[in-house]
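Hi,

Here is the structure I said I would pass on. Have a look at it first, and my notes follow below.

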Amino acid sequence: MRRLLLLALCALIATPALGQTSRPSFSIDNASAAEDSGKLCFNVRKHGRLNSEPSTVQFYQIQGTAQPGLDYVDSSLVLAFTAAQTSQQACVELANDAAPEATESLTGKLVALQNARLYDGTAVGTITDSDVIPPPPPPTQTCPDGSVIL
């Protein structure tokens, strides 16, 4: 009997009151881009009940192997979702350099601001290098008379 009463009480607490809507939840997808593409864009999605109120989430980056100022422009932005809107992109400006380097990454993060909650607020952004490593020079051979053969 106590167990049934406890379950009923939990269900009552978890159920929104008449006229109330639950806040939508948000997630962010992993992203990848070539360094020379100019930007790395994460898809931010709104899930759950579409209500009549707008929602806002903040997007920012956390440094990984990619360095702010060298590989991307460190920034933060607020994404405002209308009541019916289900997705937007949060883009990071990439810095294209001429130095060949390994694939790098950063973390994209969401923070719930207004009428929002997070379902999955963390994603990995991968930046692939687009610079070509120059081929090594051809081998040379020196002859006994001092001449060089290429």
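Searching the whole structure turns up 2 aromatic pairs (rings of Phe, Tyr and Trp, the last by its six-membered ring, pair if their centres lie within 6.5 Å; planes under 30 degrees apart are stacked, over 60 edge-to-face, the rest tilted). Phe 26 and Phe 81 have ring centres 5.0 Å apart and planes at 65 degrees, so this pair is edge-to-face. It links distant parts of the chain, with Phe 26 in strand E1 (residues 25-28) and Phe 81 in strand E5 (residues 76-81), 55 residues apart. Strands here are DSSP runs (E, at least two residues), numbered from the N terminus. Phe 42 and Phe 59 make a tilted pair, 5.4 Å centre to centre with 45 degrees between the planes. Both Phe 26 and Phe 81 are buried, and so are both Phe 42 and Phe 59 (buried is under 20% relative accessible area, exposed over 50%, partly exposed in between, with a 1.4 Å probe and protein chains only).

A word on the source: this is a predicted model, where local features need pLDDT of at least 70 and side-chain atom pairs pLDDT 80 or more, while totals for chains, interfaces and linings use all residues. Residues are numbered from 1 along each chain as its sequence is written, and side-chain values use heavy atoms, leaving out hydrogens and water.

Now the sheet. Its 4 strands run in the order E6-E3-E1-E8, open and with mixed pairing (strands pair if DSSP finds at least two bridges between them). Strands E6 (87-93) and E8 (117-120) stand at the edges with a single partner strand each, so one side of each has no neighbour in the sheet.

Cheers
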